[in-house]
Amino acid sequence: MSAPQPNSFRTGPDERGHFGIYGGRFVAETLMPLILELEQAYAAAKADAKFQAEMDGHLANYVGRPSPLYFAERLTEHLRKTASGLSAAGAKIYFKREELNHTGAHKVNNVLGQIMLALRMGKKRIIAETGAGMHGVATATLCAKFGLPCIVYMGAVDVERQKPNVLRMRMLGAEVRGVTSGSKTLKDAMNEALRDWVGNVADTFYCIGTVAGPHPYPAMVRDFQSIIGRETREQMQKAEGRLPDSLIACIGGGSNAMGLFHPFLDERSVEIYGVEAAGHGLASGKHAASIAGGRPGVLHGNRTYLLMDDDGQIEEAHSISAGLDYPGIGPEHAWLNDLGRVKFLSATDDEAVAAFQLCSKLEGIIPALEPAHALARVLDLAPTKPKDHLMVLNMSGRGDKDLDSVAAFLESKKK
Amino acid sequence: MSTTRIDARFAALKQQGRAALVTFTMAGDPDYASSLAIAKALPKAGADVIELGMPFTDPMADGPAIQAAGLRALKAGARMSKTLNLVREFRTGDDATPIVLMGYYNPIYIYGVDKFLIDAKAAGVDGLIVVDLPPEEDEELCLPALKAGLNFIRLATPTTDDKRLPAVLNNTSGFVYYVSIAGVTGTAAPDASKVGAAVTRIKRHTDLPVAVGFGVRTAEQARAIAQCADAVVVGSALVDALGKSLDSGGKAGPGTVKAVTDLVAELAAGVRAARRVAAS
């Protein structure tokens, strides 16, 4: 990589929220004072040992952390067999079991932090956007636990394809508002949440679900999710006595990936892979791979890679996975891509569904479609690595929510 | 910086002792030709300053009316180069009415900031309002735009307190746009008494004219706002009137231009009534 390398990859963003040219605070004036207030409140909470201790208590007893680091033995053996002709080949594969968290995904790590911050700031009403519904479920869950009203914006298309999560949110007492504007998916849900926030500035806290949006959200969400990487580091030390050799995670906005990657960014020996959703294939134009198929632009409060046409109009993303179906990516990922520190790959709908089936049968773990994209790349990366190579996949969510989608997909392939 | 058409227009109206009517319509809505015909008819109907929306797929600070207008325009083939062309064509028949382009940053960023400023200035654009560029991002477009001789008009809102107001007004030129409600465009009516206090507050910090908008729909509301502000901005009501004039396929009908200009004439009468009352 020819880009000049910083001394550390872990010091961003700068005081204006920039990671290189990415990030920033591209919001309407109405929201600007709120974002500055949030930045100050978060800085104070971050420095407050009592806040951190209280959060650690909830993470242990409510979320169920630490999540295990699991040696996926049968998958490892299976891939060593397929590494034909290379008898010494085939990485040792571990899963970081974020799908075992309360609510079934990594999303809860971030939501807990933000809801505790909202309480500390005296906010009385929580809004959130959701794609697959996992962030919406996590937000509804913590609002129930802490007694706060919760409104979740969800694209009408996603309401349809993620019904079980809609039912869960309603059972938890949240109001789910289907969004019928634009492409009726995650980006439109985010637009609608921002519109709500502009109209309810006095009492409302906007709980963003990924490492995107205006500063300080990308850094704040990353910090709350970094517990994934910190635990992985400790657990790998215990299991193997050293650092892992590679990390791999799926990327929509990129919060599970950033949570795993961030504590390892300055360990130059650790290879890091992010996997975007290639939908029907990158060449088809119907995908959600912002790095592979997009370019830098400004949307939802930050500059980052976006899918758009040559007039700067945002294009719809396409993926079987509602959680990856977003035409952008967190700004810190954009920066790490340009520096070459994280290597971005992609996986198609077909590849993700095949990996989904394989993992279910070999490991007895039904993965969410989102990490199934990362798993698809593990299937061809692992056989190229030596036997003592330690590879960690972030199993960021469980797949119960996706059974209908996968069944319908397989049915459509038969025809 | 040199005097722009915006400065000249506000100075002239001040002499006449009345407020300005600022109209917002979306460039290319419902199609290029109708949109140009509307723009050309606006000054005669009573618009003193013309705001033209630059269509964008994801207008985060706009309500349903303006979102729909942008999508209609895009569907009919709108793009930045055509918006600038529309201004150029307008200018062949009117060299006095100020034109302000309003929208979001991404289409400008992708067009290229330097090229955009050169082309906008050459086309006859006088000012810019870019909703998602707060003072914190002034280096992106605001400072280059001022250097290029364009006005950069900033929004001040009910959440912009006295401490923040100087930062918002710094580098603002042409006029200040006070957003009368904390909300998206076209969703709630402003409270005229609160607006008066807000305008007074802003005027303590600046000599620039203060325009008030977001939620003004009727001649009576326009009159009330014109009593206390230097300009009244009307957008969603005009865009709604246009929307209602379309046929079932979303195409311009025979009454589309008139639907907009009739409402503009009513609003202009409201604005003009205000200072007569104030003067007598």
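Colleague: What makes residues such as V22(B) and F175(B) count among those that A211(B) touches?

Modeller: Two residues are in contact if their C-beta atoms, placed from the backbone, lie within 7 Å. Leaving aside residues up to four places away in sequence, A211(B) touches V22(B), F175(B), V176(B), Y177(B), Y178(B), A229(B), D230(B), A231(B) and V233(B). This is a predicted model, in which local features need pLDDT of at least 70 and side-chain atom pairs count only at pLDDT 80 or more, while totals for chains, interfaces and linings use all residues. Residues are numbered from 1 along each chain as its sequence is written, and chains are lettered from A and ligands numbered from 1 in the order in which they are written.

Colleague: Why is A105(A) called buried?

Modeller: A residue is buried if 20 or more other C-beta atoms lie within 10 Å of its own, exposed if 12 or fewer, and partly exposed in between, with C-beta atoms placed from the backbone. A105(A) has 27 other C-beta atoms within 10 Å, and therefore it is buried. A105(A) lies in the loop between β4 (92-96) and α4 of chain A; helices (H or I, at least four residues) and strands (E, at least two) are DSSP runs, numbered from the N terminus. Not counting residues up to four places away in sequence, A105(A) touches E98(A), E99(A), M134(A), A368(A), S396(A) and G397(A).

Colleague: What makes a set of residues a nonpolar core, and how many residues has the largest?

Modeller: Such a core is a set of buried Ala, Val, Leu, Ile, Met, Phe, Trp, Tyr and Cys residues joined through C-beta atoms within 7 Å. The largest has 232 residues, and Y178(B), A211(B), A229(B) and V232(B) have the most contacts inside it. Helix α12 (residues 256-279) of chain B gives the largest share of this core, 9 residues.

Colleague: Which domains is chain A divided into, and how do you know their bounds?

Modeller: The bounds come from an automatic or database domain assignment. Chain A is divided into domain 1 (18-62 + 107-221) and domain 2 (66-104 + 226-414). Their centres, taken over C-alpha atoms, are separated by 23 Å. In domain 1 of chain A, 39 residues are in contact with 38 residues of domain 2 of chain A. β2(A) supplies the largest share of the domain 1 side, 5 residues.

Colleague: How many residues of chain A are in contact with chain B?

Modeller: In chain A, 27 residues are in contact with 33 residues of chain B. α8(A) gives the most to the chain A side, with 6 residues.
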